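Dear colleague,

I am handing over the structure we spoke about, together with some notes on its architecture. Please have the model open while you read.

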Amino acid sequence: METTSSITNTLQSELFLEMNEEHESCDTHDIRSVRSTFKFKCKPPNKPCSEQLSVDEDGDVVVRRSPLTKGIIIEHINRTSLNMVGMQVWRSALLMGDFIMENRDIFTNDQIVLELGSGVGLTGIVAAMYCKEIIFTDINNKEILSLIEKNINLNQDLIVSRTTVLPMNFNEPELPDALYKKLKDLQILIAADVIYDNDITKQFVNTLKKIMAIPPRKTAYIGMEKRYVFSSVDLEVCAPCYEYFNDLLSENNNWCQVQLLDCNFPQYFQYLKAKELVIFKLTANNSI
């Protein structure tokens, strides 16, 4: 669960606390920009490293670095208000990163991938290590879009894709023209931790419906965390945001097939992979 400060009315990602438990006090309410390195266990493609020993021109053995010395550098905010939580890093972004790394047969170098609600861009940057092009999108806020651009630039040594950053608000009645032109060329959508507010969730699902109705047939992978609370109405523990999203998918679901994926795949990033982390796979029902 994320931590909430009643004094400042802000939230802080549990992932930030995990990464800084030796250096950060949970009572700290200062809001600031920070840079974190998210290390992973495998090398990206096109950056080959021979397993055999090699020597330099003097005949000395070249010492290979551990795979964990490479990582994705992300600039983000340490705590935010609810409406700016996309400027933090959440666990499901790393879960989606693991999923992408494990499924390189899906995220291939001929694929164009659209990320919805990119936030700081971490998940999209993982995909950019493998695919042809990544289209990052988030609300039309200069601060957020500039942060995505900055994080892309910080990781140019890992990125092999073309990258595009576009504004897109889920509450707009029409898709942006710049995005619409690209939808005929892509089949994969990704999103991480965009399910946290029912109004935004409903707008997100409506946006998904519009995008996935456009050929070719599209598949969306959506990572999220079940966040449990105690319901004083039902007198039981529930995960209301997860349940609301699931209900929306169940209503009039003739537009897509819904599958809850098995998340028991290898972990590449360093984080607490809680059982509450899940990935939905949505496949458009149009067959074109």
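The notes below go from the sheet to one of its strands, and then to the helices.

Please keep in mind throughout that this is a predicted model.

The sheet is open and is formed by 7 strands in the order β7-β6-β5-β8-β9-β13-β12, with mixed pairing. Its edge strands are β7 (162-167) and β12 (256-260), each of which pairs on one side only, and neighbouring strands are turned against each other by 20 degrees on average, if direction is ignored. At the β12 end, this strand runs antiparallel to β13 (residues 277-284), to which 5 bridges join it, and C256 stands opposite A284 of β13.

On the β5 side (residues 112-115), the two strands run parallel and are joined by 3 bridges, V113 having I188 as its bridge partner in β8. With β9 (residues 219-225), β8 again pairs in the parallel sense, here over 5 bridges, and A191 stands opposite I222 of β9.

Turning to the helices, α2 lies across β8, β9 and β13 and runs at about 140 degrees to β9, while α4 (residues 142-154) lies across β6 (133-138) and β7, running at about 170 degrees to β7. Within α2 (residues 91-102) lies I100, which counts as buried because its relative accessibility is 0%. The C-alpha atoms of I100 and T123 are separated by 8.6 Å, although the two residues are 23 apart along the chain.

Finally, there is a pair of helices to examine: α6 (residues 198-212) and α7 (residues 240-250) pack with their axes 10 Å apart and at an angle of about 30 degrees, and they are therefore roughly parallel to each other. The crossing in which α6 passes α7 is right-handed. On the α6 side the contact is made by N198, T201, K202, F204 and V205, and on the α7 side by C241, Y244, F245 and L248. Sorted by class, this contact has 6 nonpolar, 2 polar and 1 charged residues.

Methods. Residues are numbered from 1 along each chain as its sequence is written. This is a predicted model: local features need pLDDT of at least 70, side-chain atom pairs count only at pLDDT 80 or more; totals for chains, interfaces and linings use all residues. Side-chain values use heavy atoms; hydrogens and water are left out. Axes are lines fitted to C-alpha atoms, for helices over the stretch in contact, and angles run from 0 to 180 degrees between N-to-C directions. Helices (H or I, at least four residues) and strands (E, at least two) are DSSP runs, numbered from the N terminus. Angles under 35 degrees count as roughly parallel, over 145 as roughly antiparallel, 65 to 115 as roughly perpendicular and the rest as oblique. A crossing is left-handed if the near helix is turned anticlockwise from the far one by less than a right angle, and right-handed if clockwise. Contact means heavy atoms within 4.5 Å. Ala, Val, Leu, Ile, Met, Phe, Trp, Tyr, Cys and Pro count as nonpolar, Asp, Glu, Lys and Arg as charged, and the others, Gly among them, as polar. Two strands pair if DSSP finds at least two bridges between them. Buried means under 20% relative accessible area, exposed over 50%, partly exposed in between (1.4 Å probe, protein chains only).
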